[in-house]
Amino acid sequence: MESASTEPQLTEPYLTTVLANSGLGVDYVRAEGNTVFHLDADGKEVPVTDYCGGYASLILGHNNAELTAHAKAVLDSGIPVYVQFSRHPAANRLAVKLNEIVARETGATEPYFTHFASTGAEAIETAVKHAEFDRVLKVSALMGEIEGHVAQARDAAREGRLTVADSARVKAAAGTPSGSTAASPQDALEHLLAAVARHNGEVAGRPPVLLALEGSFHGKLMGSVQLTHNSGFRSAFGGLGAQAHFLPLDQPDVLTKAVDGIRARSRVLDVVVTDGVADVVERDFPAFCAFLVEPIQGEGGIRVLDREAAEHIQRVSAAADCPLLIDEIQTGLGRTGAFLASSLVGLRGDYYVLSKSLGGGVAKSSVVLVHQKRYRGEFELVHSSTFAKDGFSTAVALKVLEMLEAEDGAAYRQAEERGEMLRAALDRVRADYPEVVKETRGRGLLQGLEFHDQSGSGSAVISSAARSGILGYVAAGFLLGAHRIRVLPTASAPNTLRFAPSLHLTEEETGHLETALRDLCALLRDQDEQRLAG
Ligand code: PMP
């Protein structure tokens, strides 16, 4: 199955060796629907059923005929693909359509404005960057207001119409100035103002607070990797960006306490003058940049956020005025039976980020939706990308939406039904091999199967693969070699296999998968390392 090329391996040579060693180094030459093909020794096509689905970017399948026909027609029409700094009506039509769908599913009555990008991580960074821009403008408005109050107090003191309150709040803020009883009101005020400026400068100088959930995956670029929980991906790059606070998904009290603690530590001081007496008050400070949430953690092992957890996150974020950024890069575009998986658990975002299936498997595209109440038009002048909002990917994405929405959303119902069929097959395997399969979970066409820890296996091959965290990859190599099934573990939970086929998953394909998984589970149970290693 490996390429017989004699060319030097100049692209990811290390990874190429790893793939070859785990039986995954295959050269796929063609793809259609849920099937990818490689060639055998005689040059004949070997079909492989693909459950990776382009890491969940192929809700319509590989090379969907209707979509590729549209893509070809778009190119044949000679539309301008790159005309930056012009009107882009196709992109706007896409934004309007996205708004219609989001309004239908979430009940939103105000619009979301859109920014386009090319990849998932880029869109996450665009969204976070917008949230930070909004936060910084709020900080500067608040600081401007406080400065105005300070100036008023100074004016009043200069005119001899002001004393400083002998309040506990003033003492807490400024301490007691030396010789305070003798100091003039003006000196006392300046002493207080210096303390206020010091405190506020310290609070405002802190990095923005970014919240994410343990197990989250939001990308691997300089900024987005800070929001990806897996320390293997993140830890070497901590010096490159603001650090996130990772909060547990299943411990609401910890989440509340963490957010309340940050709020309490992030108050700034304002000076108020009432009847000629200057006092200080604490004010809430916009410390929170964003709280990023995946409705189903994809790379984290297909962990579904339930309605209760969603409601809690919504409440805590609203109380802290922390923008909620819903990452639907993997879950969006109908995969879970709704356009937005978050809508199924009642989660409402200030931001939504979509990518993957938005490009229909033929274009690279991503989009950020920003709720009107958070939107800053000035952002449009400070953020752009050469390739964002291009004529080709937006025309393709619009067609993807039309296909999903056709016949009153038949695609969503199909995702739900086929997802149930897939899940039932996984559940049957789990029921028959409880010593091998720990759990099955997911929603619609995003399902996971987690193995029990096999590090205690009597087989040296199985136990050592389990101990080094690569059992999922060994299992994938077996399923490919022995059963022509393409499936891979999730990035941050390698003991969990992800199944993300297209809408067109058939009964026959599902039956084939079930047979293959039963074979895999039997040999793990029987510690048959000979067959596993192929
Ligand atoms: N967020 C989520 C939820 C994802 O699943 C991914 C990709 N697996 C990303 C962000 C990053 O997307 P990309 O790989 O296109 O940068």
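The accessible surface of the protein comes to about 24200 Å², and 52% of that surface belongs to carbon and sulfur atoms; such areas are computed by the Shrake-Rupley method with a 1.4 Å probe, and for residues only the protein chains shown count as cover. This is a predicted model, in which local features need pLDDT of at least 70 and side-chain atom pairs count only at pLDDT 80 or more, while totals for chains, interfaces and linings use all residues. Residues are numbered from 1 along each chain as its sequence is written, and side-chain values use heavy atoms, with hydrogens and water left out.

Along its principal axes, the C-alpha trace of the protein spans about 100 × 60 × 45 Å. The protein contains 16 helices and 20 strands, where helices (H or I, at least four residues) and strands (E, at least two) are DSSP runs numbered from the N terminus. Of the 534 residues in the protein, 50% are buried, a word that stands for under 20% relative accessible area, whereas exposed stands for over 50% and partly exposed for what lies in between (1.4 Å probe, protein chains only). Among contacts between residues at least 6 apart in sequence, 71% join residues at least 24 apart, a contact being heavy atoms within 4.5 Å.

One part of the fold to follow is an open sheet of 7 strands, arranged in the order 4-15-14-13-10-6-7 with mixed pairing; two strands are said to pair if DSSP finds at least two bridges between them. At the edges of this sheet stand strand 4 (112-117) and strand 7 (244-247), each of which pairs on one side only. Neighbouring strands here are turned by 20° against each other on average, with direction ignored. Strands of a sheet pair through backbone hydrogen bonds, either parallel or antiparallel.

Strand 14 pairs with strand 13 in the parallel sense over 3 bridges, where Ile 326 stands opposite Tyr 352 in strand 14. In a regular strand the side chains alternate between the two faces of the sheet. In strand 14, Tyr 351 and Val 353 point one way and Tyr 352 and Leu 354 the other way, and all of them are buried.

Helix 5 lies across several strands, including strand 4, strand 10 (288-293) and strand 15, and runs at about 150° to strand 10; axes are lines fitted to C-alpha atoms, for helices over the stretch in contact, and angles run from 0 to 180 degrees between N-to-C directions. Leaving aside neighbours within four places in sequence, the contacts of Arg 135 include Arg 206, Pro 208, Phe 285 and Cys 289.

The ligand is surrounded by residues among them Thr 119, Gly 120, His 218, Glu 294, Asp 327 and Lys 356, each counted if one of its heavy atoms lies within 4 Å. An oxygen atom of the ligand lies 2.8 Å from a backbone N or O atom of Ala 121, and an oxygen atom of the ligand is 2.7 Å from an N or O atom in the side chain of Gln 330. A nitrogen atom of the ligand is 3.0 Å from an N or O atom in the side chain of Glu 299. Taken alone the ligand exposes 390 Å², and the protein buries 80% of that.

In the loop between strand 6 and helix 8 (231-234) sits Met 222, which is exposed with a relative accessible area of 52%. Apart from neighbours within four places in sequence, Met 222 is in contact with Glu 125 and Leu 240.

Another open sheet has 4 strands in the order 1-2-3-18, with mixed pairing. Strand 1 (30-32) and strand 18 (485-486) stand at its edges with a single partner strand each, so one side of each is left without a neighbour in the sheet. Strand 18 pairs with strand 3 (residues 45-50) in the parallel sense over 2 bridges, and Asp 50 has Arg 486 in strand 18 as its bridge partner.

Methods
A polar contact is a pair of N or O atoms within 3.5 Å; within protein, one must be able to donate a hydrogen and the other to accept it, and residues adjacent in sequence count only if both atoms are side-chain atoms.
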